[in-house]
Amino acid sequence: MSTTLLQQFSRQDALETVIGCAHLGVWEIFTENGEYLIQMDGQSSAIFGMPNREHTLDFFQLLEACYPEDRARIIAEMQGLMQQPGEKKVIEYRIWSEATKSWRWIRSCGQCLVPQGASQPHILGSSQDIQDSLAFRSFLQQMDEANERTQIMLDATPLCSNFWDENFNNIDCNQAAVLLFDLHNKQEYLDKFDQLSPEFQPDGQPSGEKAMKYITEAFEKGRVVFEWMHQKLNGEPIPSEITLVRVKRGDGHIVLGYTRDLREYKRMMAATQEANERAQIMLDATPLCCNLWDENFNNIDCNQEAVNLFDLKSKQEYLDRFFQLSPEFQPCGRSTAEMAQENIATAFREGRVVFEWMHQKLSGEPIPSEITLVRVKRGDHYIVAGYTRDLREYKRMMAATQEANERTQIMLDATPLCCNLWDDNFNNIDCNQEAVNLFDLKSKQEYLD
């Protein structure tokens with residue numbers, strides 16, 4: 001075995017070497033003529049802001065370089081240690097540095113000893129500038145606190161979050177990821193991530209291949225959003241919206257993934273679609289032609305009866321050719337377009353309007369109608385629902401009734417006897433022409449009056 005340095009050096013030489021490497025300054029405090037003195041080596045002198053050589057000076061003179069609020073504590077510790085031979089103490093305090101123009105933290109360690117032949121105890125100790133190590137320790141503490149805050153915020157995020165490195169490794173996640181998939185811990189999420197998607201996505205692509213494409217796209221473009229089918233370990237599907245975002249980390253990048261659970265959204269959309277389908281079925285089954293107008297006077301929807309009434313091919317054809325389904329002018333002589341807008345505006349303003357209207361098929365066949373326009377709430381706005389009642393049968397019936405009445409009147413007037421009619425209240429309500437002739441009157445009304 002080769003000779004070691006400790007074997008070659010005296011204990012004193014070895015101790016001096018170690019002290020020098022540790023940047024420790026050695027000092028001794030003792031009393032002389034009732035005064036406390038401190039003897040320092042060069043390193044101690046340098047720590048206390050003096051030239052790097054041995055110094056002996058009054059302890060309280062040196063104390064002037066210490067931070068004012070630390071001085072009383074230093075004196076108490078030193079005097080207390082002087083009264084306890086064999087005891088050791090460690091104290092940290094601040095001194096002023098002219099070089100850096102700042103207060104620097106110093107750690108001093110001392111032991112009370114009684115030298116041979118001495119009547120008063122001495123304190124032998126060392127000092128070390130710990131400002132840089134404290135700053136580093138503070139930095140590490142701040143980093144730990146920042147990381148802890150970040151982890152708390154990440155775990156408190158209601159979205160499942162995970163991290164991908166540039167080698168496509170899933171390296172971390174938050175607590176929401178564990179909860180979303182009913183797992184035991186984050187490690188289980190990382191270990192079983194591939195099992196949290198079915199083998200194939202709904203579009204038929206393998207989940208593994210498709211995931212790699214999206215992560216690659218996020219690294220290249222910085223952001224990508226897409227829908228994804230996840231699943232729990234028991235196979236329960238979890239439709240999701242994934243957002244992948246590239247972020248800087250050190251000299252490289254990672255991709256953060258955010259997973260939004262769409263199950264409630266999908267249920268809501270399915271319920272909304274079902275409600276819309278029921279409403280559409282009911283609307284289409286209504287035996288009246290129905291259509292909807294927005295606040296800009298756009299015809300935005302209709303039911304199947306509107307298609308049937310005008311012998312059209314589809315609802316879109318009804319919407320596209322609506323103004324061809326009325327003649328240019330209404331029977332009153334006014335412009336159809338002008339009257340239509342006027343009536344819709346009235347419905348928006350007053351809430352309801354009913355009027356007769358002349359529609360027509362694309363062939364020109366007239367369709368006399370009764371239109372009812374009603375204002376209804378839709379979201380934050382209003383629309384007008386229009387109901388069209390086909391009056392062709394009613395008009396035919398009224399024409400037939402009028403014709404029958406005219407025939408009856410002709411037959412009554414041709415009767416050679418004076419005839420009149422009384423109601424239950426003994427009112428003389430009608431007569432024939434022979435009654436006028438019989439009494440040489442001018443009209444039937446004069447006969448009644």
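Author: Here is a walk through the pocket, the cavities and then some salt bridges. Keep in mind that this is a predicted model.

Let's start with the largest pocket, which holds about 370 Å³ of space. It has 25 lining residues, and the ones closest to its centre are Trp164, Phe193, Asp194, Ala211 and Ile215. Two or more lining residues come from each of strand E7 (160-164), helix H8 (186-191), helix H9 (207-221), strand E9 (223-231), strand E10 (237-249) and strand E11 (252-261). H9 gives the most, with 6 residues. By class, the pocket lining splits into 13 nonpolar, 9 polar and 3 charged residues.

Now for the closed spaces. Searching the whole structure turns up 2 cavities of 30 Å³ or more. The largest cavity has about 260 Å³ of space. Its lining counts 20 residues, with Trp27, Ile29, Ile74, Ile91 and Ser108 nearest the centre. At least two lining residues each come from strand E1 (25-32), helix H4 (59-63), helix H5 (68-82), strand E4 (88-97), strand E5 (102-113) and strand E6 (122-129). Here H5 gives the most, with 4 residues. The lining of the largest cavity is made up of 15 nonpolar, 3 polar and 2 charged residues.

The second largest cavity holds about 200 Å³. Of its 18 lining residues, Trp293, Phe322, Trp357, His359 and Ile371 lie nearest the centre. Strand E12 (289-293), helix H13 (336-350), E14, E15 and strand E16 (381-390) supply at least two residues each. H13 gives the most to this lining, with 4 residues. The lining of the second largest cavity has 11 nonpolar and 7 polar residues, but no charged ones.

On to the charged pairs. Side chains of opposite charge can pair when their charged atoms come close.

The side chain of Glu356 meets that of Lys395 in a salt bridge, at 3.3 Å from N to O. This pair links distant parts of the chain: Glu356 sits in strand E14 and Lys395 in helix H14 (residues 392-414), 39 residues apart. Glu356 counts as exposed because its relative accessible area is 51%, whereas Lys395, at 35%, is partly exposed.

Another salt bridge joins Lys361 to Asp311, with the closest N and O atoms 2.6 Å apart. Lys361 is in the loop between strand E14 (352-360) and strand E15 (366-378), and Asp311 is in the loop between helix H11 (304-309) and helix H12 (315-320), so the pair ties together parts that are 50 residues apart in sequence. Lys361 is buried, with a relative accessible area of 12%, while Asp311 is exposed at 53%.

Lys210 makes a salt bridge with Asp203, also 2.6 Å from N to O. With 10% relative accessibility, Lys210 is buried, but Asp203 is partly exposed at 44%.

Met269 belongs to helix H10 (residues 263-285), and its relative accessibility of 38% makes it partly exposed.

Methods: Residues are numbered from 1 along each chain as its sequence is written. This is a predicted model: local features need pLDDT of at least 70, side-chain atom pairs count only at pLDDT 80 or more; totals for chains, interfaces and linings use all residues. Side-chain values use heavy atoms; hydrogens and water are left out. Buried means under 20% relative accessible area, exposed over 50%, partly exposed in between (1.4 Å probe, protein chains only). On a 1 Å grid over the protein atoms alone, a cavity is a set of points where a 1.4 Å probe fits but cannot get out, and a pocket is an open set with protein on both sides within 12 Å along at least five of seven lines; lining residues have an atom within 4 Å of a point. Grid points are joined across faces, edges and corners, and a volume is the space filled by probe spheres set on the points. Ala, Val, Leu, Ile, Met, Phe, Trp, Tyr, Cys and Pro count as nonpolar, Asp, Glu, Lys and Arg as charged, and the others, Gly among them, as polar. A salt bridge is a side-chain nitrogen of Lys or Arg within 4 Å of a carboxyl oxygen of Asp or Glu.
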